[in-house]
Amino acid sequence: MSEVKYKDGYAYIDGYKFRKDDKSGYYLSTKKIGVSRKRLHIYVWEKHHGSIPKGMEINHIDENKDNNEISNLECLTRSQHLAYHKKHDYERMVPKWKKNLENFARPKAAAWHKSKEGRASVSQSHTGLKYRKQYIKRCINCGKVYRAAFNRSKFCSTTCQAAYRRKQGKDNIQRTCSICGKTFWTNKYSKKVVCSKKCRSKKILLNNKVNARGTTKLKTGKFIGQFGFMGKKYHTTVFDNEEDAYKTRNKLIDKILSEA
């Protein structure tokens, strides 16, 4: 006959009431038993065998947290307990582990490594370390054979690693061209803001129109306006004063840009 009675999400034994935690699946006493609240399976074990030795944990043999009979409980070390669940719960736990890894562990680790404290700690931990280059590897980017300290190594240098990532497009993102408004793909570390050579020439020309005077005084004392676009030089006619040459140059720039 079962010594634990269950009803409506609660378990009862020896006058104590335990409520089931929907998140963990364990039953926890609703009030203190001794100096603290206890989980049901811990209470049942201690009732039959006394205090749990330091470093030991109580395991549900059939992995059913609703079965807290003494015949379903065993006392294991921490490592034995983890090994048991790895063997019996692997398929069930993998999705949970992956979720924790993606949503918690990796973001926390990345934030720490980027922090001032993290950078200082990593730098200090690597100071003076020397690793024996015991593995012979072939670089997957350039094909060069090299020695590496770790078997996971894939590149002979950081230059090859960066080149490989660029070829694979691993760091590519979409941007909007600041000149024509079209979207284009580029490396996220690139400062490129235009989609083509023509748009780049337009951007340079627009900047020169605002920031450069673009006039030249001839030996005769007269002036011409000039600029370059797509590798070609453009000149205005000759003017007696610089202001006329400057204005005509800007009008010619506007015409070239509208036709390009």
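Me: Which residues do ring pairs link into a cluster?

Reply: This is a predicted model, where local features need pLDDT of at least 70, side-chain atom pairs count only at pLDDT 80 or more, and totals for chains, interfaces and linings use all residues. Residues are numbered from 1 along each chain as its sequence is written, and side-chain values use heavy atoms, with hydrogens and water left out. Rings of Phe, Tyr and Trp (its six-membered ring) pair if their centres lie within 6.5 Å; planes under 30 degrees apart are stacked, over 60 edge-to-face, the rest tilted. The cluster joined by ring pairs is Y16, F18 and Y43.

Me: Why is the pair of F18 and Y43 classed as it is?

Reply: F18 sits in strand 3 and Y43 in helix 1, 25 residues apart. Helices (H or I, at least four residues) and strands (E, at least two) are DSSP runs, numbered from the N terminus. The ring centres are 6.0 Å apart and the planes stand at 50°, so the pair is tilted.

Me: Are F18 and Y43 buried or exposed?

Reply: Buried means under 20% relative accessible area, exposed over 50%, and partly exposed in between (1.4 Å probe, protein chains only). By that scale, F18 and Y43 are both buried.

Me: What is the angle between the planes of Y131 and F150?

Reply: Y131 is partly exposed at 46% relative accessible area. F150 is partly exposed too, at 34%. Their rings form a tilted pair, 5.0 Å centre to centre, with the planes at 55°.

Me: In what order do the four strands of the open sheet run, and which stand at the edges?

Reply: Two strands pair if DSSP finds at least two bridges between them. The four strands pair in the antiparallel sense, in the order 1-2-3-4. One side of each edge strand is left without a neighbour in the sheet, because each has a single partner; these are strand 1 (5-7) and strand 4 (27-29).

Me: What angle does the direction of helix 1 make with that of strand 2?

Reply: Strand 2 pairs with strand 3 (residues 16-20) over four bridges, in the antiparallel sense. Helix 1 packs on the sheet and touches strand 1, strand 2, strand 3 and strand 4. Axes are lines fitted to C-alpha atoms, for helices over the stretch in contact, and angles run from 0 to 180 degrees between N-to-C directions. The angle with strand 2 is about 15°.

Me: Which side chains make polar contacts with the side chain of N68?

Reply: N68 lies in the loop between strand 5 (56-60) and strand 6 (73-77), and is buried at 2% relative accessible area. A polar contact is a pair of N or O atoms within 3.5 Å; within protein, one must be able to donate a hydrogen and the other to accept it, and residues adjacent in sequence count only if both atoms are side-chain atoms. One partner, at 3.2 Å, is Y6. The other, at 2.9 Å, is H60.

Note on methods: Contact means heavy atoms within 4.5 Å.
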